[in-house]
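Subject: Structure handover

Hi,

Here is the structure I promised you. My notes on it follow below.

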Amino acid sequence: MNVEYKVMTAEDYDGVYELWTNTPGMGINSTDDSREGIEKYIKRNPATSFAALVEGKIIGAILAGHDGRRGFIQHLAVLPEFRKHGIASVLVDKAMDALEEEGIHKVALLAFKKNELGNSFWDKMEFKIREDIYYRNKSIHELEYRANPYRNE
């Protein structure tokens with residue numbers, strides 16, 4: 001299998017959104033993950049998100065960026081039929097290298113507790129669970145979430 005990796009651009013949105021909606025357990029919402037939301041994110045972070053393609057089709061992607069101080073991984077997905085080939089690891093490495101090039105030294109991410117597959121992957125990638133902090137969240141306005149088996153309503 002020949003996998004091509006590229007920096008994600010706003011023009012990749014349709015393929016990336018199709019990937020997200022065809023990946024079980026993805027937590028996406030209609031505002032932040034809309035075309036406009038992702039275009040804004042990529043404009044702010046033009047060199048830190050990546051897509052994996054096979055025969056021109058996006059089969060994996062990582063949305064990563066930073067606020068100038070801390071890096072964040074927002075979404076990592078690989079279509080189920082392309083897993084176990086190291087694609088997710090390459091995407092993470094590319095994002096981490098790009099963040100480091102921009103002077104970022106620490107990266108955070110959120111993973112649903114019930115997502116055993118995802119959490120197993122992040123353990124292998126040596127991302128540590130912080131037991132000493134609470135993650136707090138407040139929506140400025142109501143967000144519409146796509147169905148997600150890991151999300152606690």
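Are tryptophan 122 and phenylalanine 127 buried or exposed? Both are buried. Keep in mind throughout that this is a predicted model.

The structure has three aromatic pairs. One of them joins phenylalanine 121 and tryptophan 122: the ring centres are 5.0 Å apart and the planes stand at 70 degrees, so this pair is edge-to-face. Tryptophan 122 also pairs with phenylalanine 127, again edge-to-face, at 5.0 Å between centres and 70 degrees between planes. Tryptophan 122 has a relative accessible area of 10%; the cut-off for buried is under 20%, so the residue qualifies.

**Helix H4**

The buried residues in H4 are Gly118, Phe121 and Trp122. Viewed down the axis of H4, they fall within an arc of 95 degrees, so they line one face of the helix. That buried side packs against S4, H3 and strand S5 (107–109). The face turned away from it carries Glu116 and Lys124, both exposed. After H4 comes glutamate 126, with a positive phi near 65 degrees.

**The core**

The largest nonpolar core has 40 residues. Trp20, Ile62, Leu76, Ile87 and Leu91 touch the most other members. Elements that give two or more residues include helix H1 (13–21), helix H2 (35–44), strand S3 (57–66) and helix H4 (116–124). H3 gives the most, with seven residues. As background, nonpolar side chains tend to be buried together in soluble globular proteins.

Take leucine 91. Leaving out residues up to four places away in sequence, leucine 91 touches Tyr5, Phe50, Ala51, Ala52, Gly60, Ala61, Ile62, Leu76, Ala77 and Val78.

S2 and S3 pair in the antiparallel sense, over five bridges. Leucine 53 has isoleucine 58 of S3 as its bridge partner. Two residues sit between the strands in this hairpin, where glutamate 55 takes a positive phi near 50 degrees.

S3 and S4 are antiparallel too, over seven bridges. Here alanine 61 is bridged to alanine 77 in S4. The hairpin of S3 and S4 has four residues between the strands, and its glycine 68 has a positive phi near 100 degrees.

How many of the 10 residues of S3 are buried? Nine are, so S3 is largely enclosed by the rest of the structure.

Alanine 51 lies in strand S2. Its relative accessibility is 0%, so alanine 51 counts as buried. Beyond neighbours within four places in sequence, alanine 51 is in contact with Glu4, Tyr5, Lys6, Met8, Ile58, Gly60, Ala61 and Leu91. Aspartate 12 is 39 residues away along the chain, yet the two C-alpha atoms are separated by 8.2 Å.

Threonine 48 is in the loop between H2 and S2. Threonine 48 also has 0% relative accessibility and counts as buried. What lies 2.6 Å from a polar atom of its side chain? The backbone oxygen of alanine 64 does. Not counting residues up to four places away in sequence, threonine 48 touches Ala64, Gly65, Ala95, Ala98, Leu99 and Glu102.

Over to you.

Best wishes

Terms used:
Residues numbered from 1 in each chain as written. Predicted model: local features only at pLDDT ≥ 70, side-chain atom pairs only at ≥ 80, totals over all residues. Heavy atoms only, no water. Core = buried A, V, L, I, M, F, W, Y, C linked by side-chain atoms within 4.5 Å. Buried < 20%, exposed > 50% of the residue type's maximum accessible area, 1.4 Å probe, protein only. Contact = heavy atoms within 4.5 Å. Polar contact = N/O pair within 3.5 Å; in protein donor to acceptor, adjacent residues only side chain to side chain. Arc of directions from axis to C-beta. Phe/Tyr/Trp six-rings, centres within 6.5 Å; stacked < 30°, edge-to-face > 60°. Pairing = 2+ DSSP bridges.
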